[in-house]
Amino acid sequence: MNKIVRAHYPASKLPDDLRSGFDSDATVRIVIEQQDISPDVPERGVAEKTPLFLPTYREPGAPVELADLLKDIRAYKEKRGSTTDAEEAVRRIRELRDEWDDE
């Protein structure tokens, strides 16, 4: 994976869409990484990226309406389908519950 890191980069040199929210005399740290992601295998485990169930990008920290979130989750499920049926989910929950009962 290719990665470029620039510390103390002048915010004034950033493109307009990245510069918003910074003072003109501020310095920023920039990390650019190439993503090698297969379209069939979604990337996981990166907290600062948009969650997989959100098909639309949202600015970090931007408010999310519950109705929009539910719509996005439904769209994700329609596109990718469910990985677990109801019987499997109930079995897993009972297994976890029984684990606690044994202690």
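Helices (H or I, at least four residues) and strands (E, at least two) are taken here as DSSP runs, numbered from the N terminus. The model is a predicted one, so to speak of local features a pLDDT of at least 70 is needed, side-chain atom pairs count only at pLDDT 80 or more, and totals for chains, interfaces and linings use all residues. Residues are numbered from 1 along each chain as its sequence is written, and side-chain values use heavy atoms, with hydrogens and water left out.

Confidence is given by pLDDT, the predictor's own score for each residue, from 0 to 100. The average for the protein is 77, and 75% of the residues reach at least 70. Among the elements, strand β1 (residues 3–10) comes out highest at 89, while helix α2 (residues 66–80) is lowest with a mean of 81. Residues 44–50 are another matter, with pLDDT below 50; this stretch has seven contacts in the model beyond near neighbours in sequence, a contact being heavy atoms within 4.5 Å.

Of the contacts with a separation of 6 or more, 29% link residues 24 or more positions apart. The accessible surface of the protein comes to about 9,400 Å², and carbon and sulfur atoms hold 52% of that; the areas come from the Shrake-Rupley method with a 1.4 Å probe, and for residues only the protein chains shown count as cover.

Six salt bridges turn up in the structure, each a side-chain nitrogen of Lys or Arg within 4 Å of a carboxyl oxygen of Asp or Glu. One of them pairs D16 with R19 at 2.8 Å, N to O. These two sit three residues apart in helix α1 (residues 16–19), so about one helical turn separates them. D16 counts as exposed at 59% relative accessibility, whereas R19 is partly exposed at 29%.

Helix α3 (residues 86–102) holds both E88 and R91, three residues or about one turn apart, and their closest N and O atoms are 2.7 Å from each other in a salt bridge. R91 also bridges to E95, at 2.9 Å; here the spacing in helix α3 is four residues, again about one helical turn. Salt bridges with shared partners join E88, R91, R92 and E95 into one network. Partly exposed members include E88 at 25%, R91 at 42% and E95 at 46%.

Conventions. Buried < 20%, exposed > 50% of the residue type's maximum accessible area, 1.4 Å probe, protein only.
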